[in-house]
Amino acid sequence: MQKRNDDIDRRSRVIKKGRRGDGPVVYWMSREQRLADNWALLWAQQEALSRERGLQVIYCYDPLHCCPTLRHASFVLQGLAELQQRLSSYNIGFFLLEGEPVESIASHLGQHDCHLLATDFSPLRNKRRLLEQLCERLALPICEIDSHNIIPAWVVSGKKEYGAYTIRPKINRLLPDYLTDFPELRTHPYQAASAGKPIAVSRLAARAENLSAAELCWLTSGETAAQRAMSTVLHSLEDYAQNRNDPTKDAQSGMSPYLHFGQLAPQRLAWEVSHSSLSQEARECYLEELIVRRELADNFCLYEPSYDSFAGFPDWARKSLDEHRDDIRDYRYSLEEFEQAQTHELLWNSCQLDLVRRGKLHGYLRMYWAKKILEWSAGPEEALTYAIALNDTYSIDGSDPNGYAGIAWAIGGVHDRAWRERSVYGKIRYMNEAGCRRKFDVDRYVEKANMPLC
């Protein structure tokens with residue numbers, strides 16, 4: 001039996017014990033859509049090698065949950081089409097399953113008498129529910145591997161953290177041991193089964209529920225594109241600390257689409273930045289966002305069941321917002337008016353237009369954008385619903401823990417503190433256009449947001 005790699009094993013946990021089948025080890029891929037630097041795939045291969053089994057990868061294409069818009073569907077499917085070819089060269093079969101996830105996964109596993117099911121970790125509700133249903137439905141063992149966080153979310157903390165200041169020392173204590181390079185994936189020596197059919201990208205993308213969020217002409221999907229983007233960004237982060245909050249400077253990395261869809265491992269990016277020639281200030285500032293803030297968002301969604309509702313806000317924020325429910329709103333807009341960028345404020349309209357057309361909104365502006373939705377909605381529940389709906393529909397990195405935590409920070413004070421009390425906001429931190437003008441050239445941003453993309 002092959003000796004096991006402890007660095008791979010310690011990132012996994014058993015979700016369900018059961019009876020092993022006589023067929024291949026199957027890795028249910030969802031959050032981590034890549035071949036390289038994928039702890040879940042490495043764990044599945046290690047298990048298959050130790051048992052002398054074939055290895056399969058499955059991805060369940062369910063447009064309602066994984067790809068609600070044409071924008072997201074096209075990006076995912078194009079990346080998976082490349083991945084299918086790359087896996088084939090490693091003698092690893094890839095199957096794109098269609099239909100209701102639990103039924104389609106259970107059916108595939110039964111047909112192939114699956115030996116064991118491995119899957120990647122996500123803190124979001126949909127994946128957690130699917131796992132629970134599969135545990136009830138299946139008799140075989142199920143293991144979960146965190147390939148998204150450098151330190152597995154359940155290892156770094158067993159509770160919901162108050163903020164970056166409480167999770168940071170826990171991460172920093174474990175980081176030297178967990179921030180490592182990756183083992184190599186091997187060409188698999190045991191045949192699993194013939195791979196599934198080639199992915200019909202256009203046909204499947206057209207099944208998206210929402211076709212209004214168009215494909216992005218400026219962004220290329222896939223693991224190769226992600227690696228290329230990482231190589232480029234490593235040479236452009238020197239001024240990150242000084243200019244990251246200025247949307248006219250293009251100082252941010254722009255890696256979030258690849259990180260969100262798992263086409264690039266956050267650990268790989270952190271490893272390369274840590275070993276780069278960037279200044280210490282640039283490295284520390286970028287790694288704070290990439291590691292501490294991103295893993296804090298996973299922690300919030302994992303341990304807060306109401307991560308996307310008013311109930312998930314801290315007590316002080318709920319109390320303060322409740323006290324200001326009846327405050328007069330100078331402006332009130334419907335979801336349709338927000339979506340069509342029909343507010344009275346040119347900067348906000350430009351942010352919304354940028355989000356719709358480009359599929360991405362600068363991090364500083366996303367905070368301002370969400371806070372104005374709070375100010376111009378009937379109440380915090382409506383504001384939260386609107387902000388999540390717009391972000392998940394149009395942002396290419398929507399439906400992500402970073403998005404839910406960021407919106408909850410902007411509207412509900414999550415991971416923040418109480419500020420000076422004011423109308424509508426209560427003690428929630430306030431932002432406005434005047435503050436933005438003190439930070440950057442607003443007129444230049446507005447002009448840029450309205451320029452043709454491609």
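Predicted model: local features only at pLDDT ≥ 70, side-chain atom pairs only at ≥ 80, totals over all residues.
Strand β3 spans residues 55-61, and seven of its seven residues are buried, so the strand is largely enclosed by the rest of the structure. In a regular strand, side chains alternate between the two faces of the sheet. Both faces of β3 are covered. Leu-55, Val-57, Tyr-59 and Tyr-61 are buried on one side, while Gln-56, Ile-58 and Cys-60 are buried on the other.

A pair of helices was also described. Two packed helices are characterised by the angle between their axes and by the distance between those axes. The axes of helix α7 (residues 164-178) and helix α13 (residues 280-303) come within 10 Å and cross at roughly 115 degrees. Angles of 65 to 115 degrees count as roughly perpendicular, and α7 and α13 are therefore roughly perpendicular to each other. Their crossing is right-handed. On the α7 side, the contact involves Ala-164, Ile-167, Arg-168, Ile-171 and Leu-175. These residues meet Glu-288, Ile-291, Val-292, Arg-293, Glu-295, Leu-296 and Asn-299 of α13. Of the residues in this contact, seven are nonpolar, four are charged and one is polar.

Notes: Residues numbered from 1 in each chain as written. Heavy atoms only, no water. Axes fitted to C-alpha atoms, helices over the stretch in contact; angles between N-to-C directions. Helix = DSSP H or I, 4+ residues; strand = E, 2+ residues; numbered from the N terminus. Parallel < 35°, antiparallel > 145°, perpendicular 65-115°, else oblique. Left-handed = near helix turned anticlockwise from the far one by under 90°. Contact = heavy atoms within 4.5 Å. Nonpolar A, V, L, I, M, F, W, Y, C, P; charged D, E, K, R; others polar. Buried < 20%, exposed > 50% of the residue type's maximum accessible area, 1.4 Å probe, protein only.
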